[in-house]
Amino acid sequence: MKVRTRSILIIYLLGLLLIALFLLDIRLGSISITLTDMADHLLGRSRLSDQQLVILTKFRLPRVATALMAGAALPVCGLQMQTIFRNPLAGPYVLGISSGASFGAALVVLGAGATGLVATWSLAVAAWVGAGTVMLLLLFVSYRIKDVMTILILGIMFSSGLAAIISIMQYFSQASALKSFVIWSMGSLGNVTGSQLNIMVWTVLPLLVLTLGFSKVLNGMMLGEEYAVTMGVRIQRTRLIIFAATSILAGTITAFCGPIGFIGIAVPHIARFLIRRSDHMELIPASMLTGMVVMVFSDMISRLPGTERILPINAVTSLIGIPVVIWLVVMNRKAQSL
Amino acid sequence: MSDHKAEHIILLDHFSIGYQKESILLSQLHLTVNRGEMIALIGKNGAGKSTLLKSMIGLVAPLEGVCLLAGIPFEEYSLRERARRVSFVSSQITQLPSLTVEELVGLGRIPYTDWMGRLTAGDHKKIYKAIEEVQMGAFAGRKLENLSDGEKQRAMIARAFVQDTTLMVLDEPTAFLDVPSTFELVRLLSRFKESGRSIVYSTHDLETAIQFADKMWVIHKGRILEGAPEDLGLSGLYNELFSDSGIKYDEQVGRFLSSVAERGFVAVTGEREDLLVWTRKTAERLGYMIKEGADLKIRVESSTAGVSWILQDRKGSTRFKNLYTLARFLIQK
């Protein structure tokens, strides 16, 4: 119980840091909108100009909201995969779930030229189906093969295979479709439309709450299936629900933001390091908050303050995540388990 | 008789196990586990020890037959009800998550906690008691990866203990342990009987099992023999078990001895009991049988100057400063 206070303190601190970064991030940009301006506007003391208002509500806030959702959802996917596969290196990206989603998205962007709301929904659904298919394959394989390394290698093979198919599709596609696909694949938080944001909110938020409700069950799965069963966990049902949740979470984020690497795998470890506990009831909120902090921070970096250029978000998160993963692998050699 | 029946925690009837109908490992088993007893399951690798334990507690479906848990068929219990009656420890102590001992043991309360998994003050009390019970009090805050194999296994056992079940099933809990740790662990398990729990564990270590178990299940030639360790000893089973491997069970010493090289008889004499014990052990290890009045004699002399061993045969005698040089001499003889 005494240890728990540390987790609560860390969660508060992360919350404060997140609020600070959030405010800093919406302030950032070529058009200056200060926090006092915004506060005055909200309190009705003075009004922001129409231009400022449009920039704030149509560009900056949706982008930060997207960053927050991606930051909360991807680490949860990673954490669930790490627990269920009992592998510290599992994550949506490594296991090929993001690639499955990318493949679905590629079919929509490169193949069908759907536009508007149809395009938005078909993009989401295609990504879910793609992610879900890879997930099912992993589920099927993991019933037969218990070795965690094998599953990781299979995930890597799935993603390489799908990448190969995607590159063939790119080769045969129209120049304009190709361009929009390449831009999508670099990852962006700023290209999310209003209707996409809507879908994201209505899928991501309920699933995050659902996941939190599965904390106890995830705790029970930490020692492996046999222990889980003898502690009363219904593993078949749990796996199915968790896998579906992960597919939809990772699928949604990938569909609208492009593949975002290393957040899913690295952030749960940062959270574990911070709270030093493995209870999912504490680890899940801590991972979500850490993920949101990292994503908002990455977003600020990607926009290269003081310039007009924007870096692909995937590159920024990878550069942040990779050292964590390397640290993990090196430490893992000493500690044996994580 | 009806009273006797209520004693059964587990009753297996016409129980057949295996992974497929074509490859039955053990068939038509009739076995019982009574309240407050410790059962050791002995058998060679691949004989079906794990499968039997896992079939008994619903981790593997039996091929046929029934398993009654406290008189009621196992399948009629919900998973949570089962978890409150039967706990399990596997031999696997690799690939554990990075938990502290306290966190790990806390997982054992899962069948009792609310949907959020919150531990009550009562739960915490039980957790500390279990940690104390396995003598890990000083390690409560230690991470599993920083523990020795024996400590890890004890922590896993505390997790099962805290689950408050009438039956604890352990699959080769001593698999990775050295001799003293094995002994310690089995003694620890046998203490759990005091709280009315029953323990079933599988092991390769017949010697410790004979010392501590109330009953043994020995898998031999596709059948299971059930009985007190001494019953099975009387039936000559132990020697039969190892008949093809050159190992003999010495009923006097309660140990397994190698019967490979039988070199003849030797008499060991001397004053100090400890010197005699170790000298006999050396001779036995080399394949000699101890017999008074044998032609070959070892006399142990101890004085203020030190200890020396005098080996005497028909040809004469030789003096040695320690058992090692004596043994080297005997081997080359």
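Trainee: Which domains is chain B divided into?
Mentor: Domain 1 takes in 36-53 + 79-246, and domain 2 takes in 264-332. Bear in mind that this is a predicted model.

Trainee: How far apart are the C-alpha centres of domain 1 and domain 2 of chain B?
Mentor: Those two centres lie 42 Å apart.

Trainee: Switching to helices. How many residues does α5 of chain B have?
Mentor: Helix α5(B) covers residues 121-133, which makes 13 residues. From first C-alpha to last, α5(B) reaches 18 Å, close to the 18 Å expected at 1.5 Å a residue.

Trainee: Which residues of α5(B) are buried?
Mentor: B:K126, B:I127, B:A130 and B:I131. These four cover an arc of only 135° around the axis, so they sit on the same side of α5(B).

Trainee: Why do residues three or four places apart point the same way in an α-helix?
Mentor: Because an α-helix has 3.6 residues a turn.

Trainee: And which ones are exposed on the other side of α5(B)?
Mentor: There you find B:A121, B:G122, B:K125 and B:E132.

Trainee: What covers the buried residues of α5(B)?
Mentor: The cover includes two helices of chain B, α4 (101-107) and α6 (149-161).

Trainee: What about phi at B:Q135, positive or negative?
Mentor: Positive, near 55°. B:Q135 follows α5(B).

Trainee: Now the two chains. How many residues of chain B are in contact with chain A?
Mentor: 25 residues of chain B are in contact with 22 residues of chain A.

Trainee: Which elements of chain B give two or more residues to that side?
Mentor: They are α3 (79-83), β6 (86-89) and α4 of chain B. The largest share, 4 residues, comes from α3(B).

Trainee: How do the residues on the side of chain B that touches chain A divide into nonpolar, polar and charged?
Mentor: There are 14 nonpolar, 7 polar and 4 charged.

Trainee: Last topic, the sheet. What order do the 4 strands of the open sheet in chain B have?
Mentor: The order is β2-β1-β4-β5, and the pairing is antiparallel.

Trainee: Which are the edge strands?
Mentor: β2 (23-34) and β5 (72-73) of chain B, each of which pairs on one side only.

Trainee: How many bridges join β1 to β2(B)?
Mentor: 8 bridges join them, with β1 spanning residues 8-20 of chain B and the two strands running antiparallel.

Trainee: Which residue in β2(B) is the bridge partner of B:L12?
Mentor: That partner is B:L31.

Notes:
Residues are numbered from 1 along each chain as its sequence is written. Chains are lettered from A and ligands numbered from 1 in the order in which they are written. This is a predicted model: local features need pLDDT of at least 70, side-chain atom pairs count only at pLDDT 80 or more; totals for chains, interfaces and linings use all residues. The expected span of a helix is 1.5 Å times one less than its number of residues. A residue is buried if 20 or more other C-beta atoms lie within 10 Å of its own, exposed if 12 or fewer, and partly exposed in between; C-beta atoms are placed from the backbone. The arc is that of the directions from the helix axis to the C-beta atoms. Two residues are in contact if their C-beta atoms, placed from the backbone, lie within 7 Å. Ala, Val, Leu, Ile, Met, Phe, Trp, Tyr, Cys and Pro count as nonpolar, Asp, Glu, Lys and Arg as charged, and the others, Gly among them, as polar. Domain bounds come from an automatic or database domain assignment. Two strands pair if DSSP finds at least two bridges between them.
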